[in-house]
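I opened the model to look up strand pairing, salt bridges and pockets. My entries follow.

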Amino acid sequence: MGYDEEAPGTDAIKFPRGILDYSLSGHEHQSDLRWKMTGNLGGEQYHDLIRGPLNEGAMFAERQGYHLPQPPSDTWETRSPFTKGIEKSGVGFFTTSFPLNLPKGYDIPLRFVFAFNGSTNVVHTRNYRCQLYVNGFQFGKFVNNLGPQTDFPVPEGILNYNGNNHIAVTLWGLDGGAVLGPEGLQLVASRPIWSGYRKPTAVEWPGYVKRRGAY
């Protein structure tokens, strides 16, 4: 969780961090509660050997593997992160697929851009954080009240320029409901270049498989 910056003679780096005390309504003693620290599924024995150990965190959707292409979403609620989002503090998980069909022979850089829509609606202006997954690869973390990064380039090979793609977004409302807004996330193309560019080989990105032991 980090350390305080130390001035000479203060021993600030020794100051304790984390949860130092707590209480829970309905429980008289702290000993009534048992806590379990949860990280990525499997810890050092992580499940996704293609994308690596730093690709996933501890959110429920990540541990289940729902950020990977073709998750079992047929029975999930249909809800837009741009217009409805989440209605109270917590984490929402959104996923969708889309095709691309870009002309061959051109180098066309693409990037995902998060944008605050400038609305005066209180829901739009509440603090939130997002994670962006592209074909199962984590490609960005966006914090709307801090920034500064809003643009997240994704190279061809991770993105399928001539086929289907899958993206997932976690929306974490920090102090109430949150929505991305009508232009909250866009796929933007930079200036195309016609050259001797050779089409890169697509990266292997396996899709969703039910994970044993996921909770």
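I looked up Arg 129 and found it opposite Trp 172 in β7. The strands β4 (residues 128-134) and β7 pair in the antiparallel sense over seven bridges. I took strands as DSSP runs of E of at least two residues, numbered from the N terminus, and two strands as paired if DSSP finds at least two bridges between them.

The model is predicted: local features need pLDDT of at least 70, side-chain atom pairs count only at pLDDT 80 or more, and totals for chains, interfaces and linings use all residues. Residues are numbered from 1 along each chain as its sequence is written, and side-chain values use heavy atoms, with hydrogens and water left out.

Next I traced the sheet. It is open, has four strands in the order β1-β7-β4-β5, and its pairing is antiparallel. β1 and β5 (137-143) are the edge strands, each pairing on one side only. From one strand to the next the twist averages 20 degrees; for this, axes are lines fitted to C-alpha atoms, and angles run from 0 to 180 degrees between N-to-C directions.

I then searched the whole structure for salt bridges and got six. The criterion was a side-chain nitrogen of Lys or Arg within 4 Å of a carboxyl oxygen of Asp or Glu. Arg 79 bridges to Glu 77 at 3.1 Å, N to O, and to Glu 87, where the closest N and O atoms are 3.7 Å apart.

Arg 79 is partly exposed, at a relative accessible area of 24%. My cut-offs were under 20% relative accessible area for buried, over 50% for exposed and partly exposed in between (1.4 Å probe, protein chains only). I also noted a salt bridge from Arg 51 to Asp 48, with the closest N and O atoms 2.8 Å apart; both residues are buried.

Last, I checked pockets. A pocket is an open set of points on a 1 Å grid over the protein atoms alone where a 1.4 Å probe fits, with protein on both sides within 12 Å along at least five of seven lines; lining residues have an atom within 4 Å of a point. The largest pocket holds about 470 Å³ of space, a volume being the space filled by probe spheres set on the points. Of its 19 lining residues, Glu 77, Arg 79, Phe 93, Phe 94 and Thr 95 are the closest to the centre. β1 (90-101) gives the largest share of the lining, five residues.
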